[in-house]
Amino acid sequence: MEEYHRWQSKDITDAAHPTLHQQGRKILSKLVTVLSRSSESVPSWPRGPELKHIIIIQDQSTGHLSKGDSDKPDMSHVITDLSEARRNGDHTSIVNFLRNGPANHTPIEKLLKLFPLSGDSSGEKVLQIGALTIPASSSGLDKVNLLPNLVEDCTEFVCERKTEKKKSDHDSLLPWAWASCLVPIGAITGPHTDYCGSSQLIQHIEGRKLWLCWPPTLRNLDIYLREHFSGLTTFSTEDAIDRLEGLELLLLDDEQTCFILPGGTIHAVLTFSKSCHTGLKLCRIEDLDVARKMYKIESETTKEENLDDDMFLHNQDYFKDLKEELKLWDELRKKSKNKEVNEEIRQWIGVVKNFLKIHSKWLFRKIRT
Ligand SMILES: O=C(O)CCC(=O)C(=O)O
Ligand SMILES: [Fe+2]
């Protein structure tokens with residue numbers, strides 16, 4: 001596989017920390033073995049058997065492409081967003097790829113001091129920092145109409161909007177809540193799911209990246225989520241290649257591909273050149289089933305008496321996301337014309353609200369002890 005050799009190129013060996021570089025080599029070598037061994041070829045984009053799970057949104061339906069090249073998103077939009085966020089004193093999630101550490105909230109001011117995006121081979125310490133949730137701003141990415149018409153017109157989807165109310169025009173709707181990632185060359189993101197069942201619309205902007213994606217089958221969710229919620233070990237990309245079913249690959253580079261990661265998709269990413277993409281949370285009726293599956297595993301794993309301090313914090317993020325997603329579910333319920341769907345979502349919201357109530361009682365007890 002070409003990417004295995006690309007990973008050994010001077011650009012990447014110079015920029016990536018030796019530990020990360022070695023990790024990438026092992027992942028790609030495992031991938032090559034699995035690809036050559038399996039009788040069925042792995043669905044891949046842009047070349048290879050058709051994808052079964054990841055949804056590629058074709059160019060014609062993308063607003064910015066139909067308006068001509070000058071309106072394409074690029075990294076400078078995201079850098080503008082970053083400085084805008086810094087002026088507002090915002091925080092963003094950053095990740096130190098070297099530790100594969102959890103993304104945490106960091107003032108942008110501090111992030112900018114840490115940020116040699118291309119990796120710095122001259123120093124002793126090579127920081128591999130990426131910024132993961134840079135909010136789009138009116139002087140940056142919001143200038144580009146990124147939302148594919150397909151999504152805008154559809155009554156079966158809802159996309160997340162910004163929450164802040166600082167607009168002068170009160171009647172118009174708030175802009176979409178795009179959040180962008182700047183990722184350095186040689187970075188590796190291990191397997192994870194984002195959100196609690198919602199999908200993610202992703203617009204690739206720049207850089208060469210290999211996305212490994214696994215569908216949220218009951219088996220995959222069971223293996224991955226139980227390990228994740230237990231908080232005991234990290235589930236590596238190699239583990240995922242060995243143990244999860246239904247792998248699909250996306251190799252993105254110059255083409256500004258737009259795609260949907262359906263809710264619960266487990267994904268891991270290798271970055272071959274400094275890169276940039278943006279994402280938007282998207283709730284689809286099809287995601288309800290996955291949201292329920294994820295919730296079931298979560299509630300079975302999370303019993304108050306089993307939660308030590310670390311695990312408790314670990315699970316906090318899940319509850320926060322779940323609460324946020326209820327707003328989208330409710331919006332989708334109001335939009336849906338199908339009575340049955342409407343009722344199903346209503347019940348789902350009830351179940352989650354109940355669970356969140358129990359959880360806040362745990363939290364209260366935890367704080368008091
Ligand atoms: O680019 C990466 O390394 C990770 C991106 C990712 O997981 C995401 O945008 O959801
Ligand atoms: Fe992700």
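User: What covers the buried residues of H3?

Analyst: Among the elements that cover them are helix H1 (2-7), strand E8 (188-192), helix H9 (237-243) and E13. Keep in mind that this is a predicted model.

User: Which residues of H3 are called buried, and what makes them so?

Analyst: They are Leu20, Gln23, Gly24, Ile27, Leu28 and Leu31. The cut-off is 20 or more other C-beta atoms within 10 Å of a residue's own, so each of these six names passes that count.

User: Why are they said to be on the same side of H3?

Analyst: Because they cover an arc of only 125 degrees around the axis. There's a general rule behind that kind of pattern: an α-helix has 3.6 residues a turn, so residues three or four places apart point the same way.

User: Which residues are exposed on the other side of H3?

Analyst: That side has Pro18, Gln22, Thr33, Ser36 and Arg37.

User: How do you know that the reach of H3 is close to what is expected?

Analyst: H3 runs over residues 18-37, which gives 20 residues, and spans 28 Å from its first C-alpha to its last.

User: What is the order of the five strands in the open sheet?

Analyst: It goes E1-E11-E10-E13-E8, with mixed pairing.

User: Why do E1 and E8 stand at the edges?

Analyst: Strand E1 (44-45) and E8 each have a single partner strand, so one side of each has no neighbour in the sheet.

User: How many bridges make E10 and E11 a pair?

Analyst: There are five, in the antiparallel sense, between E10 (residues 209-214) and E11 (residues 248-252). A pair needs at least two bridges, so five is enough. As one example, Leu212 has Leu249 in E11 as its bridge partner.

User: Which residues surround ligand 1?

Analyst: The shell is made of Cys181, Val183, Ala187, Thr189, Asp194, His267, Val269, Thr271 and Gly279. E13 turns up again here: with three residues, it gives the largest share. Strand E7 (179-183) and E13 (266-271) each supply at least two.

User: How do the residues of that shell divide into nonpolar, polar and charged?

Analyst: Four are nonpolar, four are polar and one is charged. Asp counts as charged, so Asp194 is that one.

Note on methods:
Residues numbered from 1 in each chain as written. Chains lettered and ligands numbered in written order. Predicted model: local features only at pLDDT ≥ 70, side-chain atom pairs only at ≥ 80, totals over all residues. Near = placed C-beta within 6 Å. Helix = DSSP H or I, 4+ residues; strand = E, 2+ residues; numbered from the N terminus. Expected span 1.5 Å × (residues − 1). Buried ≥ 20, exposed ≤ 12 C-beta atoms within 10 Å, placed from the backbone. Arc of directions from axis to C-beta. Contact = placed C-beta atoms within 7 Å.
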